[in-house]
There are 2 protein chains.
Amino acid sequence: MAARATRQQIVDAADELFYGHGYAQTSFADIAAAVNISRGNFYYHFKTKDEILDAVIEKRLEDREWLLARWDETSDSPAARIACFIRIVIVNQAKIMAYGCPVGTLTAELAKLEHPSKNKANAIMALFRDWLIRQFIDLGHEARAEDYALHVLGWSQGVATLAQAFKDEEYITREVEKILGWLDGLVPGRAAKT
Amino acid sequence: MAARATRQQIVDAADELFYGHGYAQTSFADIAAAVNISRGNFYYHFKTKDEILDAVIEKRLEDREWLLARWDETSDSPAARIACFIRIVIVNQAKIMAYGCPVGTLTAELAKLEHPSKNKANAIMALFRDWLIRQFIDLGHEARAEDYALHVLGWSQGVATLAQAFKDEEYITREVEKILGWLDGLVPGRAAKT
DNA sequence: GCGCAATTAGGATGATTGTCCTAATTCTAT
DNA sequence: ATAGAATTAGGACAATCATCCTAATTGCGC
């Protein structure tokens, strides 16, 4: 098999396992078993566990960049794009209730580990923040764009955490509707609520 | 030394270590070293690591129960009590920026580990929820009490997650002011905002 | 078809882990 | 003061972990 393909399989498997069980709790053997390759082969592609983590973070970053770029293309209003972001918690409902937010839980875990790659993981969170800031600027809220962006991002993290703890689908739906209402109030040409 | 005192020391040390480094990442040896006792002595008080975790969760639960009871006594309006809860993120700012929310990060970790004690950890989150529900009922919002309670709880989790990722003190302050403004709008005799 | 590089397999290693055991020490009741 | 219980110390244990090594196999250019 081409080295690229094997490497890709390893990263994909590690991505899922890190998400489902956490980074520290996932062993080399776990990943090797998931991909059905020997640990020796494994070592050929990644010298250390940290290298796999870096590759997984990079993959997650690229995945999100691609997703955001797609929203940039397909939605023609910034409000619609922000709404896309908000609705992730519904689209990924099942996984979020089981494992939380892939980005939030990873940054939290790496921060506790004081892992060298924690800043790299934080960059994914920053990617979301900066993209949201751009949307709010486009929406005509330049002065409060960062404030609003962090508000939405923090909202998503809070919803994900409670969804995981309480497994309450209705709560997620209610929160989405509430923040969409808030967002609606920010669209120019409407009565502002705050 | 009295058995109770040693046990207490172990639980206290484990509590801090679990908070700072995570449960899975904290070893028997780490705790023993922190308390300065032998692993043998350790085993006399706790047969398994899970037993320590249970004790830590119970301690955290009792600590929070005590804190909420104190707020119930010292603040005479439900709005003031909810404000106390909101301001935890400022009072514990430094620790939250370093390690996140003690309750949220633990429930998230145990959920990924599918640990037998995860429900016990979730009970702390439920304690906050139920206490907040009571406050909002007292505030005269019986119909939407649960909705509001989860809103505040989710808010605190979101703020804690982003505070840890971005280490931005101003963001925390801003968010606290915003939600206190929202809370103010819910106090009877004022113009409701939603 | 041959040679060489890329890729894979699988075992070895040393460190760390949670758990368990036995012997020493300390405390307490009489 | 002394017996018996409570507490502590420290080492042994098997399992698991990330890491490393060497040998086998595969694929590809010629």
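**Cavities and interface of the chain A–chain B model**

The second largest cavity has a volume of about 30 Å³, where a cavity is a set of points, on a 1 Å grid over the protein atoms alone, at which a 1.4 Å probe fits but cannot get out; grid points are joined across faces, edges and corners, and a volume is the space filled by probe spheres set on the points. The model is predicted, with local features needing pLDDT of at least 70, side-chain atom pairs counting only at pLDDT 80 or more, and totals for chains, interfaces and linings using all residues. Residues are numbered from 1 along each chain as its sequence is written, chains are lettered from A and ligands numbered from 1 in the order in which they are written, and side-chain values use heavy atoms, with hydrogens and water left out.

The lining of the second largest cavity (residues with an atom within 4 Å of a point) consists of A:K112, B:F18, B:Y19, B:R60, B:P102, B:T105, B:L106 and B:E109. Two or more of these residues come from each of α1 (3-21) and α8 of chain B, helices being DSSP runs of H or I of at least four residues, numbered from the N terminus. The largest share, 4 residues, is supplied by α8(B).

At least two lining residues are supplied by each of α8 and α10 of chain A and α8 (102-113) and α10 (145-166) of chain B.

The contact between the chains (heavy atoms within 4.5 Å) takes 40 residues from chain A and 40 residues from chain B. About 3,200 Å² is buried between them, 57% of it on carbon and sulfur atoms; buried area is the accessible area (1.4 Å probe) lost when two parts are put together, summed over both. In chain A, the residues that lose the most area to chain B are A:K112, A:L150 and A:F166, together 21% of what that side buries.

Across the interface, 4 salt bridges are found, each a side-chain nitrogen of Lys or Arg within 4 Å of a carboxyl oxygen of Asp or Glu. One of them joins the side chains of A:D147 and B:K178 (3.0 Å, N to O). On the side of chain A that touches chain B, the largest share, 13 residues, comes from α10(A).

Note on methods. On a 1 Å grid over the protein atoms alone, a cavity is a set of points where a 1.4 Å probe fits but cannot get out, and a pocket is an open set with protein on both sides within 12 Å along at least five of seven lines; lining residues have an atom within 4 Å of a point.
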